[in-house]
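Good morning, colleagues, and thank you for coming.

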Amino acid sequence: MYKLPPLFVSFFLLPTFLTGELISALNKHKGPIISLKWNKKGDYLLSGSIDTTAVVWNVKFGESKQQFDFHSGPLLDVAWRNNDSFATSSADNMIYVCKVGENKPVKTFSGHQNEINAIKWDPSGSLLASCSDDTTVKIWSMKQDVYLHDFREHRKEIHTLKWSPSGAGTSNPNNQLLLASASFDSTVKLWDVELGRLLHSLNGHREPVYSIAFSPNGEYLASGSLDKCLNIWSVKEAKIVKTCNGDGCIFEVCWNKEGNKVAACFANKKVCVYDMRL
Ligand SMILES: *[C@@H]1O[C@H](CO)[C@@H](O)[C@H](O)[C@H]1NC(C)=O
């Protein structure tokens with residue numbers, strides 16, 4: 001699903017970019033690069049490309065540190081696990097966990113039957129969640145090769161997923177860790193990963209859901225869809241508590257740090273900010 005419509009960036013944002021000075025231009029990939037992440041320490045950048053490789057860049061020296069060429073298809077997502085190891089997912093249905101300095105994957109996760117659109121480590125870095133065009137969400141552990149859980153309740157391709165900001169090592173340590181997934185079947189589903197089961201199906205959108213985001217306290221989930229609606233769900237009650245109708249398809253939603261505003265970007269070149277004090 002890497003043939004996405006072009007991204008629509010609001011012209012409002014351009015002046016901010018223009019104040020940035022070019023530090024270094026990093027050249028190594030032989031195809032479009034569609035995924036890019038900083039490690040926590042900030043010394044490495046990780047890029048994943050249609051050319052089937054991932055590259056770790058040494059930012060200080062402005063050069064590639066290592067190129068990883070394990071996949072046989074385009075990379076669709078990359079995710080750091082800690083400061084020097086990361087996972088990559090691909091249209092070849094595979095996930096590899098790699099470490100800077102190692103010439104072989106430290107772990108291979110095989111089991112998806114179609115392109116893997118997104119991967120995310122849980123806040124503690126012990127579990128990896130993946131979602132695929134095969135309509136499943138799978139949970140992987142570094143302790144085993146086969147998946148820990150195989151969630152099969154979605155009926156169409158799954159575009160993205162997010163962990164709640166809760167559990168050990170987060171700002172909400174006493175709250176239950178949850179996983180949310182957004183699908184072309186127009187639903188968002190909440191998973192209890194500990195028990196390995198569906199907690200809630202959030203039904204309310206009428207078109208594919210492209211983006212989801214938990215509020216900083218984990219109590220709410222924002223979802224943006226091709227149906228032009230931004231919905232805010234109460235996680236506990238699995239109900240819509242607020243709906244904002246836009247006039248274009250929504251490709252990304254995000255909360256501010258305080259959790260009182262949500263921004264959404266639209267296919268009609270707009271970025272909107274909504275007041276979320278409920
Ligand atoms: C990564 O590096 C940062 C800064 O050096 C450090 O604070 C953090 O604990 C490291 N994270 C891990 C998972 O090792």
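Let me begin with a definition: two rings of Phe, Tyr or Trp, the last represented by its six-membered ring, form a pair if their centres lie within 6.5 Å. Please bear in mind that what you see is a predicted model.

By that criterion, the structure holds ten aromatic pairs. Ring pairs join Tyr44, Phe68, Phe70, Trp80, Phe86 and Tyr96 into a cluster.

How is a pair of aromatic rings described? Take Trp140 and Tyr147: their ring centres are 5.7 Å apart and their planes stand at 75°. An angle over 60 degrees counts as edge-to-face, and therefore this pair of Trp140 and Tyr147 is edge-to-face.

Are these two residues buried or exposed? Trp140 is buried, its relative accessible area being 0%. Tyr147, at 32%, is partly exposed.

Tyr147 also has a charged neighbour: Lys138 lies over the face of its ring, 4.7 Å from the ring centre. A further example is Arg81, which is placed over the face of Trp121 at 5.4 Å from the ring centre.

Which residues surround it? They are Lys41, Asn82 and Asn83. In the case of Asn83, a polar side-chain atom lies 2.2 Å from an oxygen atom of the ligand. On its own the ligand has 370 Å² of accessible area, and the protein covers 37% of this.

Thank you for your attention.

Notes. Residues numbered from 1 in each chain as written. Predicted model: local features only at pLDDT ≥ 70, side-chain atom pairs only at ≥ 80, totals over all residues. Heavy atoms only, no water. Near = heavy atom within 4 Å. Polar contact = N/O pair within 3.5 Å; in protein donor to acceptor, adjacent residues only side chain to side chain. Areas by Shrake-Rupley, 256 points an atom, 1.4 Å probe, with all protein chains shown as cover. Phe/Tyr/Trp six-rings, centres within 6.5 Å; stacked < 30°, edge-to-face > 60°. Buried < 20%, exposed > 50% of the residue type's maximum accessible area, 1.4 Å probe, protein only. Lys NZ or Arg CZ within 6 Å of the ring centre and 35° of its normal.
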